Amino acid sequence: MDIEVRDVTRRFGSGGGATDALRGLSLEVTEPAAVALVGTSGSGKSTVLNLLGGLDRATSGSVAVRGTDVTTLRGRALVEHRRRVGFVFQAFHLVPGLTAVENVALPLVPRGRRGDTYRRADALLERVGLAGRRDALPGELSGGQRQRVAIARALVADPVLVLADEPTGNLDTENARAVLDLLLEVRAEAGATLLVATHDPDVAARCDRTVRIADGRVEDPG
Ligand SMILES: Nc1ncnc2c1ncn2[C@@H]1O[C@H](COP(=O)(O)OP(=O)(O)OP(=O)(O)O)[C@@H](O)[C@H]1O
């Protein structure tokens, strides 16, 4: 089982001001696939991604990635889990003072030899068509190029899971299509599961499966 989310709730705040972002959400992905999470703004898509990536903790329920219950992880084990997950965000989230290759290598920095790390980062940059821009800073790249760097960074540490939150939201139609093509291709090559939160019906249509979230739960397809 790649992903098994069971009856998860996530409450932000407390008392009268509390918001229940997730209200008993369950989701299974049995084998590596590209899965679109769709639903209106505020339905809970980003919250699901954050829980799976170990960036946030469920209030109740269980969140398992390849058999590991993320909700019980603490300290070093949680850091290790985050390292097995690649993230791609709408706003790219590259480090502005680092070059493209340095940004891609970032998830590998705490381990491995420097030479190996950069060889791997360069190979990924080549894969996303940016070998020639390895020494460019994010500010010198277009939006589509920045998202390609972010995709390379998300894949550099051989993740089992790639989480993408509106990855094409800041791109024009042509760049959005090219970036999505690339994301789907590299996820298939890596044999990782991709979960992509999106408002774009074209993005959802290109995934293997669509999960619709409404009011913090998976909406019954029936
Ligand atoms: N840190 C937080 N503190 C308080 N409320 C939060 C927090 N994060 C999310 N929420 C609330 O939880 C609900 C779900 O938010 P979430 O960001 O998961 O929705 P979403 O489906 O990703 O929305 P969008 O499509 O606009 O990105 C919303 O009502 C939101 O306001």
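1. Two strands count as paired here if DSSP finds at least two bridges between them. Keep that in mind for what follows, and remember that this is a predicted model.

2. Let's start with the sheet. Strand 1 (residues 3–12) and strand 2 pair in the antiparallel sense, over eight bridges. One of the residues to look at is Phe-12, whose bridge partner in strand 2 is Thr-19.

3. Zooming out, the sheet is open, has four strands in the order 2-1-4-5, and pairs them antiparallel. Strand 2 and strand 5 (68–69) sit at the edges with a single partner strand each, so one side of each has no neighbour in the sheet.

4. Now the ligand. There are 13 residues around it, and Phe-12 is among the nearest, along with Ala-21, Ser-41, Ser-46 and Thr-47. Strand 2 (19–29) and helix 1 (45–52) each give at least two residues to this shell, and helix 1 has the largest share, with three. Sorted by class, the shell holds nine polar, three nonpolar and one charged residues.

5. Over to helix 4 (residues 114–127): its 14 residues reach 20 Å from first C-alpha to last, close to the 20 Å expected at 1.5 Å a residue. Thr-117, Ala-121, Leu-124 and Leu-125 are buried in this helix. Seen down the axis, the buried residues of helix 4 fall within an arc of 100°, so they line one face.

6. What covers those buried residues of helix 4? Helix 3 (100–105) and helix 5 (143–155) are included in the cover. On the face turned away from the buried side, helix 4 carries the exposed residues Gly-115 and Asp-116. Just after helix 4, Gly-129 takes a positive phi of about 80°.

Methods. Residues are numbered from 1 along each chain as its sequence is written. This is a predicted model: local features need pLDDT of at least 70, side-chain atom pairs count only at pLDDT 80 or more; totals for chains, interfaces and linings use all residues. A residue is near a molecule or strand if its C-beta atom, placed from the backbone, lies within 6 Å of it. Ala, Val, Leu, Ile, Met, Phe, Trp, Tyr, Cys and Pro count as nonpolar, Asp, Glu, Lys and Arg as charged, and the others, Gly among them, as polar. The expected span of a helix is 1.5 Å times one less than its number of residues. A residue is buried if 20 or more other C-beta atoms lie within 10 Å of its own, exposed if 12 or fewer, and partly exposed in between; C-beta atoms are placed from the backbone. The arc is that of the directions from the helix axis to the C-beta atoms. Two residues are in contact if their C-beta atoms, placed from the backbone, lie within 7 Å.
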